[in-house]
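Welcome, and please open the structure in your viewer. We will go from stop to stop, selecting a few pieces at a time.

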Amino acid sequence: MRGRPPGNVRRVSDVPVPAADPIRLARVQDAPLSVDEVLAAVGDPAAGGVALFVGTVRDHDHARAVRALSYSAHPSVENELRTVLGKVAADFPVRGLAAVHRVGDLAIGDLAVVVAASCPHRAEAFAACRRLIDDLKAQVPIWKHQQFADGGDEWVGAC
């Protein structure tokens, strides 16, 4: 609703009431990921918007065919993931945040990462989710090892 509410409808304050702990799920695992689990983790009756990002293993990278891919992580990975989630929670009016990343050998099409943010409004949810995946890729110590169809391979820094 924009502007003045019609008739006898009264607008409720836009000030969000923070959830007890908006960080609902932060995990790195070697088992397949569940979009449903991540989505359920950020559910909140005060959230008017939920944004979800699902990263999948693609069959190419920089015009080279990918044959196989594996992720590995530093032992501090979950602490670093929680730090990233905490910064997003501090900067956005999130009701719930969740991030799960896969490690180990993955096949083309497998889910590599699933993140979600719930907020009072959609614009905030989109912005928080984008910031979450961008910061996760830049700051969380997870490394990707790609093997290419041409026989070459490549390690990619923090993903």
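Helices here are DSSP runs of at least four residues, numbered from the N terminus. Keep in mind as you look around that this is a predicted model.

**Stop 1: a pair inside one helix.** Select helix α3, residues 122-139, and show the side chains of D134 and R130. These two residues are four apart in that helix, so about one helical turn separates them. They form a salt bridge, with 3.5 Å between the closest N and O atoms. D134 is partly exposed, at 38% relative accessible area, while R130 counts as exposed at 58%.

Stop 2: Now select E37 and R27. Their salt bridge brings the closest N and O atoms to 2.7 Å. E37 belongs to helix α1 (residues 35-41) and R27 to strand β1 (residues 23-29), so this pair ties together parts that are 10 residues apart in sequence. E37 is partly exposed at 32%, and R27 is also partly exposed, at 25% relative accessibility.

Stop 3: Which two side chains meet in a salt bridge at 3.1 Å, N to O? Select D150 and R64 to see them. The pair links distant parts of the chain, 86 residues apart: D150 is in the loop between β8 (142-148) and β9 (153-156), and R64 is in strand β4 (residues 64-73). D150 counts as exposed at 56%, whereas R64 is partly exposed at 32%.

**Stop 4: a network.** Show R24, D44 and R95 together: salt bridges link them in a network. Across the whole structure, a search finds nine salt bridges.

**Stop 5: the sheet.** Hide the side chains and colour the strands β1, β5, β7 and β2, which form an open sheet in that order, with mixed pairing. At the edges are β1 and β2 (49-56), each pairing on one side only. From one strand to the next, the twist averages 5°.

Zoom in on β5 (residues 96-102) and β7 (residues 111-119), which pair in the antiparallel sense over six bridges. Which residue of β7 is the bridge partner of H101? Select V113 to find that partner.

Methods: Residues numbered from 1 in each chain as written. Predicted model: local features only at pLDDT ≥ 70, side-chain atom pairs only at ≥ 80, totals over all residues. Heavy atoms only, no water. Salt bridge = Lys/Arg side-chain N within 4 Å of Asp/Glu carboxyl O. Buried < 20%, exposed > 50% of the residue type's maximum accessible area, 1.4 Å probe, protein only. Pairing = 2+ DSSP bridges. Axes fitted to C-alpha atoms, helices over the stretch in contact; angles between N-to-C directions.
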